[in-house]
Amino acid sequence: MTLLERIKFALQAMRGHRLRSILTLLGFGIGVAAVVLLTALGEGARAYVTNEFMSLGSNLLIILPGKTETTGNAPIIGGTPNDLTLSDMEAVRRHVARIRDIAPLSVGTAQVGYGDRRRQVTVFGTTASYLNVRHMAVTLGEFLPEIDPDRQAPVAVIGQTILRELFPSENPLGRSIRLGDWRFRVIGVLEPKGSQLGMNMDEIVFVPVASSLKIFNQSSLFRLMIEVGAHSELEDVRKEVLRILSERHGGEEDVTILTQDSVITAFNRILAALTLSLAGIAAVSLSVAGIGIMNVMLVSVSERTSEIGLLKAIGATPRDIQRVFLVEAILLSLTGGLVGLLAGYAGAAVLGQAFPALPAHPPLWAVAAALLVSFGAGIGFGVLPARRAARLDPVTALARH
Amino acid sequence: MIDLRELTRHYRVGDQTVKALQEVTLTIPDGDYAAIMGPSGSGKSTLLHLLGCLDRPTSGSYRLDGKEVGSLDEEELAEVRSRKIGFIFQFFHLVPRLTAAANVELPMILAGVRPAERRSRAAAALAAVGLSDRADHRPDQLSGGQRQRVAIARATVMNPSILLADEPTGNLDRASGNEIIEVLQKMNREGLTLLVVTHDPEVGNRARRVIRLVDGRVAHDGPAAAAGAGTA
């Protein structure tokens with residue numbers, strides 16, 4: 001008996017109990033669809049987060065004061081690291097050749113006011129370079145002036161939300177706003193940027209870094225951001241920066257340097273685990289459906305006992321019988337798998353329409369896995385019923401009718 | 001040529017041993033036409049199943065065309081059933097979802113005969129039982145007699161040497177039953193060895209030879225006329 005004939009015979013048998021076959025492969029299809037859809041969601045979340053981080057610029061090094069991980073040479077007494085200062089920044093700028101741009105960042109919160117309107121805002125103290133490093137632009141006026149970072153200047157650049165709330169109908173340029181006890185002149189408005197990493201860039205007031213340190217009475221910068229020319233130089237620059245800073249800090253490696261890559265890799269790992277666990281949950285429904293296939297095949301074997309007896313009487317070997325039933329189980333699971341794949345893709349497409357921000361594309365490996373698992377489940381759950389059929393004693397089987 | 005030497009078949013049912021067949025010794029030459037008769041439980045069906053290689057003897061020897069088949073494994077028995085033996089059953093055992101022609105093709109599919117050859121041989125077999133015009137009907141569209149004729153076509157399509165019929169008329173009215181016996185006798189005239197298990201003396205007495213079993217033993221073996229009329 002050739003494979004083609006076994007398939008034909010199995011199809012005829014499935015048509016013989018059409019409703020039961022359809023329900024079984026539907027159950028299996030739902031399992032496969034769940035796998036496809038949930039992995040698509042997980043992958044979507046991963047792609048979304050990766051995208052968010054990519055918008056920061058992939059050639060970026062971020063330097064934090066302090067060491068966030070404990071290593072062998074952690075100081076024994078006291079964990080207070082040296083300040084990260086503007087002179088550190090100058091040293092890095094002077095000694096590391098491959099830096100394209102470098103921007104300091106100090107952060108504080110203060111009340112901003114204009115006339116009788118007030119609002120709590122985040123204040124970023126930085127330099128003109130920040131605009132290049134973060135790939136931002138102003139829509140009105142200009143960004144912070146190119147002055148010596150050590151110099152204070154009473155000028156501010158505001159985000160879109162602050163523009164809307166403090167100057168609903170006025171041109172803000174040249175206006176004087178209060179920032180805590182200080183006064184600043186508005187010289188520019190940033191283009192709308194929206195949220196980045198949970199921080200709404202439209203709700204921020206930018207001032208020169210020296211002014212910010214003064215207002216908030218800080219001695220250390222919050223971050224140093226370095227943009228390098230090419231992604232491939234990132235690692236070399238990172239080492240060089242680390243060397244210079246530890247030299248300046250008395251030999252202590254008391255800064256942490258993050259790259260976009262390291263952050264993205266960490267998130268990728270977390271979200272890949274999430275995707276995998278979602279797939280695991282879906283696999284439960286798939287295995288339930290697989291047991292459904294086994295059940296239907298067992299019913300089919302006991303219903304067709306006399307047919308099995310007959311097939312043996314007219315020359316079918318046990319192997320023939322086993323293969324006929326195995327092919328039927330595989331056809332059920334494979335058809336179910338295809339139905340589920342289509343349903344999963346349709347579901348992902350609908351999700352994509354409903355939430356355009358979340359790119360829900362089933363990953364290719366999930367599709368391949370779904371089909372492979374379907375095939376495997378057909379064999380796995382079909383083999384017991386098929387064996388049972390093959391082992392039937394022809395005399396007893398024929399006695400049933 | 002069937003040659004049985006002290007063929008014995010015991011079953012275990014619970015803790016009892018049922019002696020279905022005890023030391024049956026028989027020779028059935030090619031082309032013979034014999035009826036196997038006897039009361040219920042006399043071992044007729046057991047004998048038929050052993051002859052048809054559906055079952056294996058507990059002891060004794062069964063030589064078919066000079067070859068011992070009692071000790072063959074499952075695969076080899078299937079091969080013997082496929083090539084040498086045709087079965088006809090009381091309840092026809094047609095596959096309900098297949099047409100008459102497809103039912104007749106089944107043994108050839110299992111034996112790996114090519115599709116084109118299958119179709120022509122199935123058509124010829126159906127013609128031989130007078131059912132050419134019913135080839136595309138499914139069993140539920142056929143009468144009992146027609147179903148049994150499809151079964152005969154299926155049993156003979158592989159050109160076996162032995163035809164084993166288990167109560168072939170048991171589920172038919174008298175007219176249809178007669179037709180079936182006519183068809184079987186025609187097959188026998190063409191050279192097939194025909195063995196019919198039956199309760200029905202009228203069917204049995206049409207055979208050339210009657211083998212009567214009682215309690216698993218051969219009680220009588222001889223020409224039909226001498227079998228004793230009226231006993232069932």
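**Exercise 1. In this predicted model, work out how helix α8 of chain A passes helix α11 of chain A, and which residues make the contact.**

*Solution.* Start with the handedness: α8(A) passes α11(A) in a right-handed crossing. Next, look at the geometry. Helix α8 covers residues 260-303 of chain A and helix α11 covers residues 364-391 of chain A; their axes come within 9 Å and cross at roughly 30 degrees. Now classify that angle. Angles under 35 degrees count as roughly parallel, and therefore α8(A) and α11(A) are roughly parallel to each other.

Then find the residues. On the α8(A) side, the contact includes A:A279, A:L286, A:G290 and A:I291, and also A:M294, A:M297 and A:V301. On the α11(A) side, look for A:A366, A:V373, A:G378, A:F381, A:L384 and A:R388, among others.

**Exercise 2. Find the angle at which helices α3 and α7 of chain A pack, and decide what to call their arrangement.**

*Solution.* Begin by locating the helices: α3(A) spans residues 86-95 and α7(A) spans residues 234-248. Their axes lie 10 Å apart, and the packing angle is about 135 degrees. To name the arrangement, note that angles over 145 degrees count as roughly antiparallel and those from 65 to 115 as roughly perpendicular. The pair is therefore oblique. As for handedness, the crossing of α3(A) and α7(A) is right-handed.

From α3(A) come A:D88, A:A91, A:V92 and A:H95, and they meet A:V241, A:I244, A:L245 and A:R248 of α7(A). In this contact, five residues are nonpolar, one is polar and two are charged.

**Exercise 3. Describe the side of chain A that touches chain B.**

*Solution.* Count the residues to begin with: chain A gives 20 residues to the contact and chain B gives 23. Then ask which helices of chain A take part. At least two residues each come from α1 (3-16), α9 (305-313), α10 (318-354) and α12 (394-399). The largest share, five residues, belongs to α9(A).

**Exercise 4. List the buried residues of helix α2 of chain B and find what they pack against.**

*Solution.* Go to residues 74-84 of chain B, where B:L77, B:A78, B:R81, B:S82 and B:K84 are buried. Now trace their partners. Within chain B, these are β4 (59-64), β6 (85-88), α3 (100-111) and β7 (162-166). Across in chain A, the buried residues of α2(B) also pack against α9.

Notes. Residues are numbered from 1 along each chain as its sequence is written. Chains are lettered from A and ligands numbered from 1 in the order in which they are written. This is a predicted model: local features need pLDDT of at least 70, side-chain atom pairs count only at pLDDT 80 or more; totals for chains, interfaces and linings use all residues. Two residues are in contact if their C-beta atoms, placed from the backbone, lie within 7 Å. Helices (H or I, at least four residues) and strands (E, at least two) are DSSP runs, numbered from the N terminus. Axes are lines fitted to C-alpha atoms, for helices over the stretch in contact, and angles run from 0 to 180 degrees between N-to-C directions. A crossing is left-handed if the near helix is turned anticlockwise from the far one by less than a right angle, and right-handed if clockwise. Ala, Val, Leu, Ile, Met, Phe, Trp, Tyr, Cys and Pro count as nonpolar, Asp, Glu, Lys and Arg as charged, and the others, Gly among them, as polar. A residue is buried if 20 or more other C-beta atoms lie within 10 Å of its own, exposed if 12 or fewer, and partly exposed in between; C-beta atoms are placed from the backbone.
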